Amino acid sequence: MIETFEKVEDIEIRLLLEALYLRYHYDFRNYATGSIKRRLRQAREQLGFATISAMQERALHDETMLPRLLGYLTVQVSEMFRDPGYFRAIREIVVPHLRTYPSLKIWIAGCSAGEELYSLVILFREEGLEDRTIFYATDINQDALQIAEAGVYDVDRIQLFTENHRKSGGRSSLSDYYSAGYGRVSFDRTLRDRVVFSDHSLVTDAVFGEMNLISCRNVMIYFDKALQDRAVGLFRDSLARKGFLGIGAKESLRFSAHADDFSEFVRQEKIYQRIGK
Amino acid sequence: MIPADPKAVVIGASAGALEALTSILPTLSKDFRLPIMIVVHIPPDKRSVLAELFRAKSSVEVIEVEDKEPIRPGTAYFAPPDYHLLIEDQETLGLTNEEPVLFSRPSIDVLFESAADVYGAGAVAVLLTGANHDGAKGASAIARVGGHVIIQDPRSAFASAMPEAGLASCPDATVLSLDGISEYLRRIG
Ligand SMILES: C[S@@+](CC[C@H](N)C(=O)[O-])C[C@H]1O[C@@H](n2cnc3c(N)ncnc32)[C@H](O)[C@@H]1O
């Protein structure tokens, strides 16, 4: 009896994901099961549906369900200069290589509400590289992209951001880049001068230019192994010769089918370099 | 109470975890054949030394998990600070950054619920000392699918709130001392 119940839920989840794909072309079918299950259970409870099938029916017939479900299906946890050691390694070890190029393309894949993007733009400004760089910031969650384009955050997050920035070896004061008011901080609009925002999925969309650095942190942990392989393949094909790929602190290319196309550039901080080509 | 076909052991601990785990992990021999996944509440900004520490003391292999780590027998897997640890399928572990659960990331409930989903009646959960209620919901998820739940005797636990909450949600759980738990594990693994 219990066994049957669990299986029914698995079926419902598969059907719901299939429905989202067929109806809206959002493809969560190969996301990591454990976390998808948790979040769909959460969505079902909090949105007040008796079953996941009931939620599926509504999702098919009512478009306003899509952004709400996306809010559950995509995890938006982020910080500026999250894992300061990563940004310190970019600054101290990757930037000296990037300096040798007359123009640069950087891709922040899965940029969420822009925290990682602004961290890199500020770092590049501090290092005098911003003017020769184009930053591509992509995500599948439009609500998150909108916040990223506005560059506005709750003021109570700024203390952590400031501390992270300092630990990352920041050469300026973070407060130089925002103005505060009404419980919010707004980041300087000139930080967006060199940024292109776009809706791009690592699951369904294609290669993106000749990048010198791709930063894709804590996005692929939500994918299953097959999908991770697709994404890493996409990054490999999007990187220029000797381009860099940075991933999350607890992610690894060790288990990837494309591990051989990369060398460990800063092992501790999960920064890799494209080899060959 | 020996499970018919144990597949994996999941352990959760909070305040007092270090001492409790010290009387369990080092007692397992290198022939221990089950994988062991462990969540200990640790501050998010701390680099965790748990895996290193227990690696030095234990005969089983001890690893701090990276995303998509393969599951191997006779290996103890620690959740890294600031990530939830989940069992994806019988071969693979996964990490996520989702919101803390009961202020905890990693969360014991998250690990235990994923163990219930993946291993069903083959899951063995061990809930140890702690000063909060994490793990209670996950333990009952494991009991619901027919897995075994072992709870440290609250009277001998460094902090009794967590085992007590576990017992409240899983009244049929087996209650054992730390020595009893390590003996039980040696028998099933
Ligand atoms: C946990 S956030 C990571 C934010 C940031 N990179 C960091 O590390 O702080 C994960 C982000 O991945 C995005 N995402 C999920 N699936 C995606 C996909 N298929 N393509 C692109 N982005 C995706 C989510 O919308 C979310 O913004």
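Which residue in β10(A) is the bridge partner of A:E264? The partner of A:E264 is A:Y272.

## Basis of the model

This is a predicted model, in which local features need pLDDT of at least 70 and side-chain atom pairs count only at pLDDT 80 or more, while totals for chains, interfaces and linings use all residues. Residues are numbered from 1 along each chain as its sequence is written, chains are lettered from A and ligands numbered from 1 in the order in which they are written, and side-chain values use heavy atoms, with hydrogens and water left out.

## The hairpin in chain A

Strands β9 (residues 262–266) and β10 (residues 271–274) of chain A run antiparallel and are joined by four bridges. Strands here are DSSP runs of E with at least two residues, helices are runs of H or I with at least four, and both are numbered from the N terminus; two strands pair if DSSP finds at least two bridges between them. The hairpin of β9(A) and β10(A) has four residues between the strands, and A:K270 takes a positive phi near 60° there.

## The sheet in chain B

Chain B has an open sheet of seven strands with parallel pairing, in the order β3-β4-β2-β1-β7-β8-β9. Its edge strands, each pairing on one side only, are β3 (61–64) and β9 (174–176) of chain B. From one strand to the next the twist averages 20°. Within the sheet, β7 (residues 123–127) and β8 (residues 148–152) of chain B pair in the parallel sense over four bridges, and B:L127 has B:I151 as its bridge partner in β8(B).

Helix α5 (residues 161–169) of chain B packs on the sheet and touches β1 (8–13), β7, β8 and β9 of chain B; its direction makes about 145° with that of β8(B). Helix α6 (residues 178–188) of chain B also packs on the sheet, touching β1, β7, β8 and β9 of chain B, with about 155° between its direction and that of β8(B). These angles run from 0 to 180 degrees between N-to-C directions, with axes fitted to C-alpha atoms, for helices over the stretch in contact.

## The interface between chains A and B

In chain B, 23 residues are in contact (heavy atoms within 4.5 Å) with 28 residues of chain A. The two chains bury about 2300 Å² between them, 47% of it on carbon and sulfur atoms; buried area is the accessible area (1.4 Å probe) that two parts lose on being put together, summed over both. On the chain B side, B:E66, B:K68 and B:E98 lose the most area to chain A, together 27% of what that side buries.

Seven salt bridges are counted between chain B and chain A, each a side-chain nitrogen of Lys or Arg within 4 Å of a carboxyl oxygen of Asp or Glu. One salt bridge joins the side chains of A:R38 and B:E98 (3.1 Å, N to O). In another, the side chains of A:R254 and B:E66 meet (2.5 Å, N to O). This pair crosses from the loop between β8 (239–247) and β9 of chain A to the loop between β3 and β4 (75–78) of chain B.

## The loop between β6 and α3 of chain B

B:P106 lies in the loop between β6 and α3 of chain B, and the peptide bond from B:R105 to B:P106 is cis, with omega near 10°. B:L102 is also placed in the loop between β6 and α3 of chain B. Although B:L102 is not a glycine, it has a positive phi of about 50°.
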